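Here is a short briefing to read alongside the sequence and the 3D view. Keep both open as you work through the points.

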Amino acid sequence: MTERFAQASGQGCRNAPVLKQRGQHEVFCGLTSIVWLHRKMPDAFFLVVGSRTCAHLLQSAAGVMIFAEPRFATAILEETDLAGLADAHEELDRVVHELLARRPDIRRLFLVGSCPSEVIKLDLAVAAERLTAVHAPQVRVQSYSGSGIETTFTQGEDTCLAAMVPDLPAGPEGPEARELIVAGALPDVVEDQMRDLLAKIGIDAVHVLPAAREATRFGVGPGSRVALVQPFLGDTLAALERRGARHVAAPMPFGAEGTTAWFHAIAEAFGIPPEVVDRAVAAPKARAERAVAQAAEALRGRSVFFFPDSQLEVPLARFLTRECGMEAVEVGTPFLHRQVLDGDLALLDEGPTLSEGQDVDLQLDRVRAARPDLTVCGLGLANPLEAEGLSTKWSIELVFTPVHFYEQAGDLAGLFSRPLRRRDALKVGAVQPPAMP
Amino acid sequence: MKLTVWTYEGPPHVGAMRVATAMRDLHYVLHAPQGDTYADLLFTMIERRDHRPPVTYTTFKERDLGADTADLFRRSCQAAYERFRPEAMIVGASCTAELIQDDPGGIAERMGLPVPVIALDLPSYQRKENFGADETFYRIARALARPCEKTARPSVNLIGPTALGFRHRDDVTELTALLSDMGVEVNVCAPMGATPSDITRLGAAHANVLMYPETGESACRWMERDLGLPFTKSIPIGVGGVRDFVAEVADLLGVAPGLDTDRLRLPWYSASVDSTYLTGKRVFLFGDGTHVRAMARVARDEMGFEVAGMGCYNREQARAVRAVATEMGVEALITDDYLEVEAAIEAAAPELILGTQMERHIGKRLGIPCAVISAPVHVQDFPARYAPVMGIEGANVLFDTLVHPLVMGLEEHLLTMFRADPEFHDAAGPSHHGGHAPLVAAEEGGAGPRAPVAESPRDISAKKTEGGGATGAIEVVWLAAAERELKKIPFFVRGKAKRNTEAFAAARGETEISVDTLYEAKAHYAR
Ligand code: SF4
Ligand code: SF4
C-alpha cells in the first residue's frame, strides 16, 4: 500500500469493532441499479424475470424517469410459469424473441434474476447461453442476479459488471501494456474529466467497465490494472482478479483528498513519479478544495448518522469528517468489504460506531437517542425522521447525481449541506406534520 | 409470462399495506425479502406520510432459505407484537414468500398472541393491488365486526378510503359534511382512520356508503348479508352523481333528501360564456373503473365534452365501465397494458385526456393536455390544499381540474388569429403553464406531418402502427402546400385536423392531400 495519503491517527477504523445486525433490513434490492445502469449502456436492454412486485419496485425507484424511453422491462411470471420450468424457459424465449424483433437497436440483453426466479430455480445462465446461440452475433445475452435474497441495492451493479467479465476477450499479458481498467458506472461528463486527468498523468490506455457500447469491449489479462470508483464492486474486482488483473488499492475518489489519493495510487502502480500527479491535478484540486470549503460551512461541527444503504457510507463518512469537519456518530453499511474499503477505513478516525447489516427498529432507537444533526437514510425513512425533527439526506441521490472526482466535490458536499441550510432558511414556525388518518 | 413496462397496480400485498397504513393500531407482518421494503416509500414519499407504514418485513435472505424461514417469520411476528402492541395484526406473504409456502397464517395462529391475528391469502401471481386492498379489508371486517345495536340517530359507515387513494382524505371530509347536512352521522369511516375496535362497531350503522368499490365492495357485500347493512351504489362525483347519492341515502335511511347548493359553482361556471369553447372537446378517459365512469358523466353532461374513448385497468370494474361506455357510444378499453392504452389514445387523438399518472406521460409524448382523475398518482396529486372530487366542493374542483390543462376560451381565438405572432405561436402553449411547449413545435420540414418525436416505450412490445395513423391500407401523402397549411393550424387542434383530413381523404379513395382536401375535410366535419 502506498503511504502517500496521510493516515488518520494510526490505523483509523481499520481494526475498529463492527456491530453486526441481522433484523429487518430497510433497503432496496439489486434490481434498483438497472435504473442508472441502463442509462449508462445505451445499447443494452435489461429484462427482469420476476413478479409484479419487481416491476412495481422498478417503476417506483425510476419514478421521475418514466417518460424517458426505458430500456428495461419485466417478464412477469404467471401461475402457469410456476407449474413447470420447461414451459417457463419456452415462455422466456418467446418474450425475448418478441422483444428483440421489435428493438433491433439492442446489442446486449441482460436477463436479470429476481427472488421468484431464483426460488423456482429458473436458471437464467442456461437461458442466456441458449439465447446467445440463437441471436449471436447481433445480440449478446447475459444474465445476473438482482434479487433481494442475494443482493442489496448497489450490489446489483456489482453482479451485473461481474457477469460481464468472463466474456471479455483476453488482454495484455505483461505490465508494459500499462492498461488501466476503471470499474464503476460514471456519468459521461465525469468519465471524461477522469480520462483527461489520467492522460495528463501519462495513462492513456483506459478502459471503463461498463463499456458504453458492446462494440467498445476491451481485453483483460495479467497486464491489466484495476481501479474502482465505487466501493460496492467487490465481486467485479474478484472476477477481474481471476482473469489476472491486479487491483490498485486506493480510497474512493470522493472529495479533493480521496480523488488525489486515488490518482496517486494509480500513478504509483504505473511507476509514475508523484510530482507528475501533483502538477497535473494542482488546478482542479485547488478548485475542489475551495468549493468544498464553501459548501462545508453549514456542515462544520455537525454530526452525521448513516443508515446502511448504498455501501458508499464509509467513503462518504471519510469525506464528511475529514474535508467537511463533521462528526460521524454511526456509519452503517449493508456490507463491509474490507479489501475494497481499506484505504477509506484507514483514513476514517476512530470513534463512530461501525455497523454492518441492519435491524431497522433497533437502529431507529439509536438514531433517536443520538439525535444527529444529519441522518443519511433511504427514502422510506426520510419523512418519518423529518417529522421527528431530524434533518435527513436520502441516499439514493448519491447514486443518481454526479459526485465523483474534483469538479463534483463541491456538489457532493452541497448534497449534505442543503437539508441543513433549508432547515435554517425556513421560517414557518415549528414544523408539525398534519394529522393524517 | 407477460412483458410489462409500467404497471397501473402493484402486487396484492401493496393493497393490504394501503389498508394497514390507513388504519390505526393495526400491524402487518409480511413475509418478504428485503427489496420489498421499497413499498414504504410509496407512503412516506409520495403521500408524504410522517410515519412508516405499520409493516414488519421478515427480509429473509438466500442463506435463510436453506435454514428456517418459518422460524424467522415467527420471531418477526413476536418482536413486532412486543414492540408495537397493536390491537390486531394481519399476516401474509409477498410473491416470493408465497413460493416457499411457510403458511404465515397458520404459524401466527399457533403462536397464541393475545390479540386477533388475521391471515391474508393474496395470490400474487393472479391478482393485483386493488384486489389485495378489497380482500384485506373484507377479512378484517369479517374477523372483527359483529352484529350490534344500531345508533339512535340515523348513521352510516364510510367504506373504502385507504392510504395512497386518489383524494380519499378530502372526499371523506366532504361526504361527512354533506351527510351531516342531511342529519346523518358517520358511525365509522374505514379503513381510513379506523382502529380494530372501531371495526367491531361497524354493525351499529344503518347503512354503508361504499365510496370506492375498488377497495370496499367485498366488505360491503358481506355486511349486507351478515349484518343486514344495505350499501349505496351511486358515486357522489359531479352534480348528477351527488344528487343521485343524496336521493339514495335519503331513501335508505328514511331522511329528507336535503342538499345545500349555496357553494355549488360548477353549473354556472359551465354555463357562463367563456366555457362555450369547451363544447364538444373530445376527451379520452382512463383510470380505475369507479372514477372513470363517474367522470365520463361529468365530462359529457356537466362540461359539454364529447367522450372519444374510455376504459379502466381493473377488470373487476369492467362491466360497470362497459355499460357507461355503451351509453356514451364508445367501446370500453379494458386493459392493464400501458402500451395498449397509449396506442388507443393515439388513435383516438383526443383534445384532452383524463387519466392517471401514466396517461399524463402519454399526453406529454403526444402533445395532448391531461388532467389526473384516478390513482395511481404522483406526489403532486396529493395537494396541500383541500381538493376533494366528491360532493359539492368536489364538483367545483372538477370544473377547475378539467379546464386547467386546456387553452382558455379567449386565448384560443387569439392563438388562431395571431398564429405567426412570436408571443402566440404554437410553442408558447397555454399561457398559464410555464415551459410546456408541445414537442411537435420543434419539427421542421420533412415528408408529411409526423407524430411528436418523444421517445416511447411502446416500441418494445406494441405492434408498430403503420405510417401516419387511421388510413388503413391506403397510403395517403400530404402535398407540401397542404403540409404547410396544416402547420398553421394551432397545435391543440392540429392532431384532430390531421386525423380528420386523412380519414376524409381515405374515405374518398384519395391518395394525395392538397390544401383543398384539407378545407373540404374541415367543412365536412364542421359543427
Ligand atoms: S416528474 Fe414526471 S413522473 Fe415524476 S411526478 Fe412529475 S410528471 Fe410524474
Ligand atoms: S426483493 Fe425480490 S421480489 Fe422484491 S422486488 Fe426485489 S427481486 Fe423482486
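Which strands of chain B does helix α14 (residues 318-328) lie across? Helix α14 of chain B lies across β10 (306-312) and β11 of that chain. Its direction is at about 165° to β10(B). Keep in mind that this is a predicted model.

**Chain B overall**
- Chain B has 527 residues, and 61% of them count as buried.
- The chain contains 21 helices and 15 strands.
- Take the contacts in chain B between residues at least 6 apart in sequence: 72% of these join residues at least 24 apart.

**The sheet in chain B**
- Five strands of chain B form an open sheet in the order β11-β10-β9-β12-β13. Their pairing is parallel.
- At the edges sit β11 (332-334) and β13 (370-372) of chain B, and each pairs on one side only.
- From one strand to the next, the twist averages 20°.
- In general, the strands of a sheet pair through backbone hydrogen bonds, in either a parallel or an antiparallel way.
- Look at one pair in detail: β9 (residues 282-287) and β12 (residues 352-355) of chain B are joined in the parallel sense over three bridges.
- Within these strands, B:Leu285 stands opposite B:Leu354 of β12(B).

**A one-sided helix in chain A**
- Helix α14 of chain A spans residues 360-370, and its buried residues are A:Val360, A:Asp361, A:Gln363, A:Leu364 and A:Val367.
- Why are these residues on the same side of α14(A)? They cover an arc of only 160° around the axis, so they share one side of the helix.
- In chain A, the buried residues of α14(A) pack against β10 (303-306), β11 (327-333), β12 (353-358), β13 (374-377) and α15 (379-387).
- They also pack against α4 (69-84) of chain B.
- After α14(A) comes A:Arg371, with a positive phi near 40°.

**Two loop residues in chain B**
- B:Arg49 is in the loop between α2 (39-46) and β3 (55-57) of chain B.
- Is B:Arg49 buried or exposed? B:Arg49 counts as buried because its relative accessibility is 6%, and the cut-off for buried is under 20%.
- The side chains of B:Arg49 and B:Glu47 make a polar contact at 2.9 Å.
- B:Val379 belongs to another loop, the one between β13 and α17 (391-403) of chain B.
- With a relative accessible area of 32%, B:Val379 is partly exposed.
- Which residues does B:Val379 touch, leaving aside its neighbours within four places in sequence? B:Val379 is in contact with B:Met45, B:Ile46 and B:Arg48.
- B:Val379 and B:Arg365 are 14 residues apart along the chain, and their C-alpha atoms are separated by 20 Å.

**The site around ligand 2**
- There are 13 residues around ligand 2. Those that come nearest are A:Cys29, A:Cys54, A:Cys115, B:Gly35 and B:Asp36.
- Why is the site shared between chains? Ligand 2 is surrounded by residues from chains A and B, so both contribute to the site.
- In chain A, α2 (52-62) and α5 (115-119) each supply at least two residues of the shell around ligand 2.

Conventions
Residues numbered from 1 in each chain as written. Chains lettered and ligands numbered in written order. Predicted model: local features only at pLDDT ≥ 70, side-chain atom pairs only at ≥ 80, totals over all residues. Heavy atoms only, no water. Pairing = 2+ DSSP bridges. Helix = DSSP H or I, 4+ residues; strand = E, 2+ residues; numbered from the N terminus. Axes fitted to C-alpha atoms, helices over the stretch in contact; angles between N-to-C directions. Contact = heavy atoms within 4.5 Å. Buried < 20%, exposed > 50% of the residue type's maximum accessible area, 1.4 Å probe, protein only. Arc of directions from axis to C-beta. Polar contact = N/O pair within 3.5 Å; in protein donor to acceptor, adjacent residues only side chain to side chain. Near = heavy atom within 4 Å.
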